[in-house]
Amino acid sequence: MKKKVFTLAKEIGITSKELLVKLNELNIPAKSHMVVLDEKTVELVLSKLTPASTSKKTKSPKIEKITPVPVKEKAVKTPINRQLHEKPIAEKQEPQKPIIVARPKIKINETLTIMQLADKLNVKAIDLIKKLLSRGIMATINHRIDTKMAELIANEYGYDMEIISVYSEALFEEDNLVEEKLVHRAPVVTIMGHVDHGKTSLLDAIRNTNVISTESGGITQHIGAYKVKLPKGEVVFLDTPGHAAFTAMRARGAQVTDIVVLVVAADDGVMPQTIEAIDHANAAKVSIVVAINKIDTPGANPDKVKQELAKYSLVPEEWGGKTIFANVSAKKGTGLENLLELLLLEAEMLELKANPDRPAKGAIVEARLDKGRGPVATVLVQNGTLKLGDSFVAGIVSGKVRALITDKGERIKIAGPSTPVEIIGFSELPQAGDTFHVLRDDHLAREISLRRQELQKETKIKHVSHITLEDLYKEIQKGEIKDLKIIIKADVQGSVEALVDSMERLSTETVKLTVIHGGVGHINESDIMLASASNAIIIGFHVEISTEISDLAKKEEVDFSIYQIIYEAVNNVKLAMEGLLAPKLVEVITGKAEVRQIFKTSKTAAISGSYVSEGKITRGNIIRVLRSGEIVHKGKIDSLRRFKEDVKEVTTGYECGIQITDFPNMQSGDIIEAYEIQKVLQKLK
């Protein structure tokens, strides 16, 4: 019977990848593990690869090893007289090359102190202070030394120096000395797609939970990480929100994932967030499996979806492409088993491995402040094993693991590769997306954390630039710049990042939006005072403000708004920015009249007998006179008459007499164009 490649591979007892190699050796075309093999091909493969066929191999004759007999070199006899009278010839000696002794190398980081350098060089700190003093530098043992000066001093003591960044993986080399014992790990799968296409519903159907009911507006507000146990293995799912405001969060999900499940509704097709998801997955260089959802709804057309996705290089295997497609219904649970099987097969092809016998390394997926537990973060362990009591550093924050909690709320003692786990024990709130490293002790973790904090402060100071007279002139030439300052407070770090990303995208050449502060937690006194000092507004998301703080905001005349849906906050800020723009002066043509006859009233004045062809002509209109398409005069209508009577306006299809101030040279055939200048509220593009 016909069989797919992956099915046949299981029966034989080898991986799909190994079977594909064997098929190519047998000149059987097969591009992927989903290819269907006919009966003859299956029989041929079984005959070639099953153990029965390999047991009847002919034995090759034994070849006896022949030990070669060493051949003695013949001695060259020299006459005795020659031996006595000839002096031995001295061997030609090459000139000796100077012996180069390799300098020992020391590793330092950017925030090295004099005491730390002295320890590295095995000298007294006072000796280094004297050396610096001789160069005119006053310093103490806790003084940070410039890397160039440190290198000069190290060379004087016979050392070469290598500068290691406090964010470099080289800092953790001593923790990676465990012999590599790679084992297969569970794939990390990210759910992506357009809003309302059923991403969270699909994940809910897989893990038998209901996240939607707890989220505002039916849209997932935070990234979640879940491990799902299947009969044939485990899969870790990252649930990323689908609205455009969560672009930054979705990108972070793609950076830690192995496979992206792109969810597209069968009754809707490719939408803007669908394209964004494809771009993020491609940028992260991860495999894409397409799940066509809502196949049971009226108007569902999976083939149309495939055609649309083919434009973005996602071509189904049955059409000769390499992308795996699965038709599913999250609502009814249709096709889920097939989708999960395809994910495990894709993971098998990727050969995902990790070493559980080393200190843990991972990434911060989400972080939040908990009233009872303090800073809490979800960490995806990517390599190694995380244990209770482990010391760690994540970004500029250090800590010690006090509790490990799974997505089901269970407390565990260890977490291996491809395990999402909630950690209690951070000294401060880490940033979502930071790398997570386990170190050998608390002291080293705190030291790296402090060094990173110092470096971050120095970097911020370096980036503060003061305007010069030259810069000021350039800004004046561009025109007056409007600046809107915003402070963002949200319940979790992921939402802060999403809001900052969405708000800053609103900046234009005419209005610059600056997020001067973004943090997790309720709006407090510090936020109000910062907003008051910097003339900023406060945007809150899923946070509260007490009566006391609200009264303070009124006293300081600080504007604040709290939202439950991110895109509502973004839209309202956009409207506020448009209000900051000065109205644009737009010229609007209100009427046109054709001059047909001239009536001279004096040497300096004339009445033009005219016919109103468009709009209306009003007394007092500002006008321009066009002759052969060129402007010959700009002025104002002095008087407007019909049948010798003064009138206020004349509309289309009527004749009138028009007298224009200071322009007696009107000619028949001229066009009088009346216009007005209107103020139009500008919109952001």
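These are notes on a predicted model of one protein chain, taken point by point.

1. Overall make-up. The protein chain has 19 helices and 33 strands. Of its 685 residues, 43% are buried. Take the contacts with a separation of 6 or more: 70% of them join residues 24 or more positions apart.

2. The α1/α2 pair. Helix α1 covers residues 5-12 and helix α2 covers residues 16-25. Their axes lie 9 Å apart and the packing angle is about 100 degrees. The two helices are therefore roughly perpendicular to each other, since angles of 65 to 115 degrees count as such. From α1, the contact uses V5, F6, L8, A9 and I12. From α2, the partners are S16, L19, L20 and L23. By class, that contact holds eight nonpolar residues, one polar and no charged.

3. Helix α6. This helix spans residues 114-121, and I114, L117, A118 and L121 in it are buried. Around the axis they cover an arc of only 100 degrees, which puts them on the same side of α6. What covers these buried residues? The cover includes strand β3 (105-108) and helices α7 (125-134) and α8 (147-156). N122 follows α6 and has a positive phi, near 60 degrees. Check that residue when you look at the end of the helix.

4. I206. This residue sits in helix α9 (residues 199-207). Is I206 buried or exposed? Its relative accessible area is 13%, so I206 is buried; the cut-off for buried is under 20%. Leaving aside neighbours within four places in sequence, I206 is in contact with V228, F237 and L340. L336 is 130 residues from I206 in sequence, yet the C-alpha to C-alpha distance is 7.4 Å.

5. The α16/α19 pair. Helix α16 (residues 493-504) packs on helix α19 (residues 566-580) at an angle of about 30 degrees, with 10 Å between the axes. That angle makes α16 roughly parallel to α19, because angles under 35 degrees count as roughly parallel. The crossing of α16 and α19 is right-handed. On the α16 side, S495, A498, L499, S502 and M503 take part. They meet I566, A569, V570 and V573 of α19. The residues of this contact divide into seven nonpolar, two polar and no charged.

6. Helix α17. Which residues of α17 (residues 525-534) are buried? They are D527, I528, A531 and S534. Seen down the axis of α17, the buried residues fall within an arc of 145 degrees, so they line one face of the helix. S526 and A533, on the other side of α17, are exposed.

7. F663. Where is F663 found? F663 lies in the loop between strands β32 (655-660) and β33 (671-680). The relative accessibility of F663 is 11%, so F663 counts as buried. Not counting residues up to four places away in sequence, F663 touches V625, R627, V632 and H633. F663 and A606 are 57 residues apart in sequence, and their C-alpha atoms are 8.0 Å apart in space.

8. Points to recall. The contact of α1 with α2 has no charged residues, and the contact of α16 with α19 has no charged residues either. I206 is buried within a helix, whereas F663 is buried in a loop.

Key:
Residues are numbered from 1 along each chain as its sequence is written. This is a predicted model: local features need pLDDT of at least 70, side-chain atom pairs count only at pLDDT 80 or more; totals for chains, interfaces and linings use all residues. Side-chain values use heavy atoms; hydrogens and water are left out. Axes are lines fitted to C-alpha atoms, for helices over the stretch in contact, and angles run from 0 to 180 degrees between N-to-C directions. Helices (H or I, at least four residues) and strands (E, at least two) are DSSP runs, numbered from the N terminus. Angles under 35 degrees count as roughly parallel, over 145 as roughly antiparallel, 65 to 115 as roughly perpendicular and the rest as oblique. A crossing is left-handed if the near helix is turned anticlockwise from the far one by less than a right angle, and right-handed if clockwise. Contact means heavy atoms within 4.5 Å. Ala, Val, Leu, Ile, Met, Phe, Trp, Tyr, Cys and Pro count as nonpolar, Asp, Glu, Lys and Arg as charged, and the others, Gly among them, as polar. Buried means under 20% relative accessible area, exposed over 50%, partly exposed in between (1.4 Å probe, protein chains only). The arc is that of the directions from the helix axis to the C-beta atoms.
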